[in-house]
Amino acid sequence: MELFYYLAFGALGAVVAALELSKNNKDRINTSPAFNSFKNNYLLVYSLMMAGDWLQGPYVYYLYSQYGFGKGEIGQLFIAGFGSSMLFGTIVGSLADKQGRKRACVTYCITYTLSCITKHSSQYKVLMLGRVLGGIATSLLFSAFESWLVAEHNKRGFEQQWLSITFSKAIFLGNGLVAIVSGLFGNLLVDSFALGPVAPFDAAACFLAIGMAIIMSSWTENYGDPSESKDLLTQFKGAATAIASDEKIALLGAIQSLFEGSMYTFVFLWTPALSPNDEEIPHGFIFATFMLASMLGSSLASRLMARSTPRVESYMQIVFVISSAALLLPIMTSFLVTPSKVRGGGISFSGCLQLLGFCTFEACVGIFWPSIMKMRSQYIPEEARSTIMNFFRIPLNIFVCIVLYNVDAFPITVMFGMCSIFLFVASLLQRRLMVISDKPKTEGRELKERDPEMEPLNI
């Protein structure tokens, strides 16, 4: 492995350690023992859930190829997963609001465990069923848990600002540390112990079972709108009305779809971008480096959200611009650096530059997740939280399915350029969100300035 990889990983690790160790009172929020107990319980469960997800990710494509399926068939299986999330995600989100978020989290564990079990079969139909179950589980993972957390946090009367602590820690652990450890653990099972490509899926099922046991024994149930008079269609209409009638919710959904669509496209593109001539690159080590960069971003986010200024709506504009610039690097290097035509070998100079840019993008991803969670907790109404969050995922899943279907139709530079444009548009929408979220405060100040002696009426 080349020295460059060690330097990048070591530098990021040192910065993350320095950020965490240098936090002072301004970067921390004073909380209560009851909240700390609640937060730690949620973080343990969330980390187990993410371990169940991260263990599977690196080996899905590899497992299908070992079963003898070609690129086209594997692409269809992946499209089935995203299509399932799009078609069934909103339904299960609505059921979570109506039937209970705790039940939805347990359903996630059961559904994803069944998806893991299907990986033992080499039959295409069984694997397709597994992808459908996995798509449903993914929708629950990214809606039910957050919805349960926000509702339970408010029900217990904790300070609203304390939510940002849980969000940033969840991303730091679940999308950072757990991802790195899961990647190393999966590699240990498959390569060192030679247990085969199904072993990570069995390990994932074990973690999901442990998490489900903790949920069932320690979590209480909460609901969005448990009214029995509302059927699923009524809930869908209510969620759609909320999005259409509140510009802040609509903007938030558009921003999330643009960023996540670019992020998932990046997942498909970074490997061919770093090895255009089949250069030998350590995929697992690079993945761990990306996750370390994400941890750096979540650590920065926890500092930013611990302070009253700058507001989330403000600094996220800058984050989107930086992420847009980071994904322009493959295009810039294709013009500024003479591309190598030598097959194989180590990573090229342009590949090194792109890797640094990709680490910057992953740091932005680390800031994005806790920040978008905080904005969702502020703007999305409680009674339809899971439903609306899964509505946001519909355009995302459509976009990813289109990209997967046409991944060979466009040059890689065009794909990166498209993602960069999406991210820049997200920064413009974020600017609009900040402006309209400031309107009530601004109007209140103007009213007070016009009539400083005005007193509220007591009726």
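## Basis of the model

Residues are numbered from 1 along each chain as its sequence is written, and side-chain values use heavy atoms, with hydrogens and water left out. Because the model is predicted, local features need pLDDT of at least 70 and side-chain atom pairs count only at pLDDT 80 or more, while totals for chains, interfaces and linings use all residues.

Residues up to four places away in sequence aside, Tyr108 touches Met49, Asp53, Ala137, Leu140, Leu141, Phe145 and Leu208, where contact means heavy atoms within 4.5 Å.

## Surface patch

Leu87, Phe88, Ile91 and Leu95 form a nonpolar surface patch with about 330 Å² of accessible area together. Patch members have over 30% relative accessible area and no salt bridge, and nonpolar side chains (Val, Leu, Ile, Met, Phe, Trp, Tyr) are joined within 5 Å. Areas come from the Shrake-Rupley method with a 1.4 Å probe, and for residues only the protein chains shown count as cover. Ile91 is found in helix H4 (residues 71-99) and is partly exposed, at 33% relative accessible area; buried means under 20%, exposed over 50%, and partly exposed in between.

## Salt bridges

The whole structure holds 12 salt bridges, each a side-chain nitrogen of Lys or Arg within 4 Å of a carboxyl oxygen of Asp or Glu. Arg101 and Glu382 meet in one of them, at 2.8 Å from N to O. Arg101 lies in helix H5 (residues 101-118) and Glu382 in the loop between H15 and helix H16 (385-405), so the pair ties together parts 281 residues apart in sequence. Arg101 is buried at 0% relative accessibility, whereas Glu382 is partly exposed at 22%. Glu382 also pairs with Arg385 (3.2 Å, N to O), and Arg385 is buried at 2%. Asp97, Arg101, Glu382 and Arg385 are linked in a network of salt bridges.

A further salt bridge joins Glu247 and Arg432, whose closest N and O atoms are 2.8 Å apart. Glu247 lies in helix H11 (residues 247-274) and Arg432 in helix H17 (residues 412-450), so this pair ties together parts 185 residues apart in sequence.

Methods: Patches are made of residues with over 30% relative accessible area and no salt bridge: like charges are joined within 9 Å, nonpolar side chains (Val, Leu, Ile, Met, Phe, Trp, Tyr) within 5 Å. Helices (H or I, at least four residues) and strands (E, at least two) are DSSP runs, numbered from the N terminus. Buried means under 20% relative accessible area, exposed over 50%, partly exposed in between (1.4 Å probe, protein chains only).
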